[in-house]
Amino acid sequence: MDDAPMLRTPAGKFDTTARHVLQAMAEHADAKGKNCHPSVTRVQYRTGFDRRTVQRAQRRLEDAKLIVRDGTVQDRIKYRLSMNLLRDASDWEALEREEAGSREAAMERKRRSRARHVTHSNDVTVTDANDVTEPDVTHSKSGRHALEMRDVTHFKAGRHAPSAAVTTNEPPEEPPATHMAGASSSTRGPQGLAPNAPIDAAGFVVTDSMRRWALGVYPGLDIEHSTDQFIDHYRSIGVQRHSWPAAWQKWIREDAKRASQRQQRAGGNVFHLPNGQALTGTDATVAGWAALARPPHSEDSV
């Protein structure tokens with residue numbers, strides 16, 4: 001059945017009905033494709049098609065020379081299958097191309113789904129300060145709700161344009177509640193810009209429990225510096241993480257490991273003399289060899 005040609009409908013699709021009828025008939029033929037004479041009722045029973053559908057399919061198979069009449073048996077037509085006809089190899093190649101196209105389409109849908117979570121810089125809308133209308137603003141001459149205007153130079157035009165108004169009597173912001181809260185509690189991007197990375201959009205913040213864990217497990221690590229490096233790294237690459245606290249915890253572990261390795265490299269080749277002097281580098285290596293060569297309890301100095 002893999003070698004037999006596949007008929008096609010006038011629309012160019014596979015003729016699966018004729019294929020099913022051919023398979024049912026082939027099961028009643030001998031090894032050479034001869035002596036095939038199942039009744040139409042038998043083919044109906046095997047395929048589930050109605051009588052007229054089976055007869056039309058047999059006519060299409062005859063027209064394509066896939067089955068040839070070869071006499072009669074008990075008032076039934078006897079057929080011979082054309083075993084010499086082979087299927088075009090392009091059918092298999094077309095299926096492979098279709099499968100490859102389906103995989104590529106699935107990958108493209110996945111890429112688009114990921115891209116929806118990232119806002120590109122080209123998609124950011126810049127609004128000129130002159131186009132911003134501030135409701136309920138009292139003129140500065142009245143002495144109430146005065147707005148400070150800064151004169152700035154436009155980047156491209158070289159002309160002076162007033163920046164966005166800033167309320168001068170706005171109360172100061174409350175200080176961070178904890179020592180680490182100010183390091184990463186803001187959901188705004190670097191330099192006060194709007195959120196421009198997934199870590200900013202997620203509002204990542206180091207909680208007190210996270211800080212206690214880090215200080216308890218790695219007391220010698222500069223947690224503030226490591227957190228700043230963590231935030232800058234994920235702002236620069238602009239990727240999303242399923243759990244930002246878990247990603248931060250992994251970063252702290254790796255940062256502590258790197259710090260330990262640096263400390264070992266820096267202090268691994270040190271030899272302390274009896275007088276308290278510490279030798280490093282080649283001097284420490286030579287002193288170590290000399291100490292190994294001296295007998296135990298020797299009081300000779302190096």
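Arg51 lies in helix H3; helices here are DSSP runs of H or I with at least four residues, strands are E runs of at least two, and both are numbered from the N terminus. This is a predicted model, where local features need pLDDT of at least 70, side-chain atom pairs count only at pLDDT 80 or more, and totals for chains, interfaces and linings use all residues. Residues are numbered from 1 along each chain as its sequence is written, and side-chain values use heavy atoms, with hydrogens and water left out.

Is Arg51 buried, exposed or partly exposed? Its relative accessibility is 41%, so Arg51 counts as partly exposed. The cut-offs are under 20% relative accessible area for buried and over 50% for exposed, with partly exposed in between, using a 1.4 Å probe and protein chains only. Leaving aside neighbours within four places in sequence, Arg51 is in contact (heavy atoms within 4.5 Å) with Val40, Thr41 and Gln44. Val40 is eleven residues from Arg51 along the chain, and their C-alpha atoms are separated by 6.8 Å.

Those contacts belong to a helix pair. Val40, Thr41, Val43, Gln44 and Thr47 in H2 meet Arg51, Val54, Gln55 and Gln58 in H3. By type, the residues of this contact of H2 with H3 divide into three nonpolar, five polar and one charged. Here Ala, Val, Leu, Ile, Met, Phe, Trp, Tyr, Cys and Pro count as nonpolar, Asp, Glu, Lys and Arg as charged, and the others, Gly among them, as polar.

On geometry, two packed helices are described by the angle between their axes and the distance between the axes. For H2 and H3 the angle is about 105° and the axes are 9 Å apart. Axes are lines fitted to C-alpha atoms, for helices over the stretch in contact, and angles run from 0 to 180 degrees between N-to-C directions. H2 and H3 are therefore roughly perpendicular to each other, given that angles of 65 to 115 degrees count as roughly perpendicular, under 35 as roughly parallel, over 145 as roughly antiparallel and the rest as oblique.

On the H1 side are Thr17, Ala18, Val21, Leu22 and Met25, and they meet Thr53, Val54, Ala57, Gln58, Arg60 and Leu61 in H3. The residues of this contact divide into seven nonpolar, three polar and one charged.

Now the cores. A nonpolar core is a set of buried Ala, Val, Leu, Ile, Met, Phe, Trp, Tyr and Cys residues joined through side-chain atoms within 4.5 Å. The largest one has 18 residues, and those with the most contacts inside it are Val21, Leu22, Met25, Val43, Leu61 and Ile67. Helices H1 (16-26), H2 (40-47) and H3 (51-63) and strand S2 (76-81) each supply at least two of its residues. H1 gives the largest share, five residues. Not counting residues up to four places away in sequence, Met25 touches Cys36, Pro38, Val43, Gln58, Ile67 and Tyr79. A second, separate core of 17 residues includes Val206, Trp251, Ile252 and Ala256.

Last, the whole chain. The secondary structure comes to ten helices and eight strands. Of the 302 residues, 22% count as buried.
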